[in-house]
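Colleague: Please put the model up, and then take me through its main features one at a time.

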Amino acid sequence: MKLLTSKRFADTPEGYFGVFICEDKYPICDILEETYKVDGKDSRILKGEYTMKWEMTATLGMRWVLQGVVGRTGICVHKGNTVIDTKGCILTGHGYSITAGLHGIINSGIAYDSFLKYMQPDVIAKLIIIEV
């Protein structure tokens with residue numbers, strides 16, 4: 001089972017920026033998560049340990065999906081550049097830029113491929129989310 005750490009380092013109005021780090025401490029890619037609100041309440045992915053599974057999603061096909069997030073389901077890792085693309089999920093990128101007037105990540109497709117390459121051939125992994 002792979003071990004992945006999500007290290008958040010910037011909490012901004014346009015989302016949480018961070019990096020995925022593999023078990024041998026090397027960065028895999030940059031990440032962007034939405035600062036997610038439901039009925040005015042913060043429902044972001046809390047710091048802690050989660051299981052991730054490679055499974056079929058209804059809208060995106062096969063994806064890595066987080067399990068056990070309190071009050072949330074369907075959180076997966078996918079491509080995208082700004083908080084508009086997150087749909088409550090985690091986006092991958094290599095680098096940062098302003099896209100369509102929003103701060104975001106770039107080179108998402110390349111980063112997603114790097115992420116998938118690291119995760120293969122496993123179908124279950126552990127994700128640890130921390131903030132610095």
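Modeller: Strands (E, at least two residues) and helices (H or I, at least four) are DSSP runs, numbered from the N terminus. Two strands pair if DSSP finds at least two bridges between them. The model is predicted: local features need pLDDT of at least 70 and side-chain atom pairs pLDDT 80 or more, while totals for chains, interfaces and linings use all residues. Residues are numbered from 1 along each chain as its sequence is written, and side-chain values use heavy atoms, without hydrogens and water.

Colleague: Which residue in strand 12 is the bridge partner of M52?

Modeller: Strand 6 (residues 48-57) and strand 12 run antiparallel and are joined by six bridges. Strand 12 covers residues 124-131, with I124 among them. The partner of M52 there is A125.

Colleague: How many residues lie between strand 6 and strand 7 in their hairpin?

Modeller: These two strands, strand 6 and strand 7, pair in the antiparallel sense over seven bridges. Within strand 7, M62 stands opposite M56. The number of residues between strand 6 and strand 7 in the hairpin is three.

Colleague: Which residue of strand 3 is the bridge partner of Y16?

Modeller: Strand 2 (residues 15-22) runs antiparallel to strand 3 (residues 27-33), with six bridges joining them. The bridge partner of Y16 in strand 3 is E33.

Colleague: Are the faces of strand 9 covered or open, and by which residues is this judged?

Modeller: Strand 9 (residues 90-93) pairs with strand 3 in the antiparallel sense over four bridges, and D30 has its bridge partner in G93. With strand 8, strand 9 pairs in the parallel sense over three bridges, and there K79 stands opposite T92. Buried means under 20% relative accessible area, exposed over 50%, and partly exposed in between (1.4 Å probe, protein chains only). Both faces of strand 9 are covered, judged by the buried residues I90 and T92 on one side and, on the other, L91 and G93.

Colleague: Which peptide bond is cis, with omega near 0°?

Modeller: Most peptide bonds are trans. P121 lies in the loop between helix 2 (108-119) and strand 12. The cis bond runs from Q120 to P121.

Colleague: What is the phi of K87?

Modeller: Most residues other than glycine have a negative phi. K87 sits in the loop between helix 1 (83-86) and strand 9, and K87 is exposed because its relative accessible area is 66%. The phi of K87 is positive, near 50°.

Colleague: Is A100 buried or exposed, and at what relative accessibility?

Modeller: A100 is in the loop between strand 10 (96-99) and strand 11 (102-105). Its phi is positive, near 50°, in a residue other than glycine. A100 counts as exposed, at a relative accessibility of 79%.
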